[in-house]
Amino acid sequence: MKDRKDKGPASIALMSSMAGQAGIYGFAAYSATKFGLRGLAEALQQELLVNNIHLSIIFPPVTETSGIEQVEFISVLTFEARERIPEITKIILESSPGMKTEEVGKITIQGIKSGSFSIPCRLDGRAVAIATAGLSPQTSFLMASIEVVFAGLFRFVALLLQWRGYEIIEKYNYSHKKQQVE
């Protein structure tokens, strides 16, 4: 892309997941790879700016894919991997409604066209993006201002959600241990 004859703006998009912003029980390896994409995107964005190449990273939630009745992540998970999802993970994910692939696609295209670096796909994704923005690139002064002003609030909301997840894990483990004793 650096050697392209047309030096107009170009774009690269990486598909991550909300699991690349906050770890999810049962998805240690999956979350690690999605967090890795974020680091790759942040570094590449810096390296490619001089070549008028913009980089975007998309953070979709659980996504309903056509042809499969159960909810799955948009990133490819093998059938065997989906079958091995821990029961606790399924319970945690039930609290987050899925999105249709078409919705994720539309939001992705809009975000790329607008030059956004971070592209969350829903309001809860936007809140997580603000809470976890750190040193991620921000080309919009308005969004940068919102991130600075609301970072603490969204961090608090994210912690409440995280504590809810911990509560689910504790209740599940307690009831499971109680059943094993009986």
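Three strands form an open sheet with parallel pairing, in the order β1-β2-β5. From one strand to the next, the twist averages 25 degrees. The model described here is predicted.

**Strand pairing**
- Six bridges join β1 to strand β2 (residues 53-59), and the two pair in the parallel sense.
- Within this pairing, Ala13 stands opposite Ser56 in β2.

**Helices packed on the sheet**
- Helix α1 (residues 28-48) packs on the sheet and touches β1 and β2; the direction of α1 makes about 165 degrees with that of β2.
- Helix α4 (residues 101-113) also packs on the sheet, where it touches β1, β2 and β5; the direction of α4 makes about 155 degrees with that of β5.

- In soluble globular proteins, nonpolar side chains tend to be buried together.
- The largest nonpolar core comprises nine residues, namely Ala10, Leu14, Ala41, Leu48, Ile53, Leu55, Ile57, Phe59 and Phe117.
- At least two residues of this core come from each of β1, α1 and β2, and β2 gives the most, with four residues.
- Leu48, a member of this core, is in contact with Lys2, Ile12, Ile53 and Leu55, leaving aside its neighbours within four places in sequence.
- A second, separate core has seven residues, among them Ile24, Phe27, Tyr30 and Ile85.

Conventions:
Residues are numbered from 1 along each chain as its sequence is written. This is a predicted model: local features need pLDDT of at least 70, side-chain atom pairs count only at pLDDT 80 or more; totals for chains, interfaces and linings use all residues. Side-chain values use heavy atoms; hydrogens and water are left out. Two strands pair if DSSP finds at least two bridges between them. Axes are lines fitted to C-alpha atoms, for helices over the stretch in contact, and angles run from 0 to 180 degrees between N-to-C directions. Contact means heavy atoms within 4.5 Å. A nonpolar core is a set of buried Ala, Val, Leu, Ile, Met, Phe, Trp, Tyr and Cys residues joined through side-chain atoms within 4.5 Å. Buried means under 20% relative accessible area, exposed over 50%, partly exposed in between (1.4 Å probe, protein chains only).
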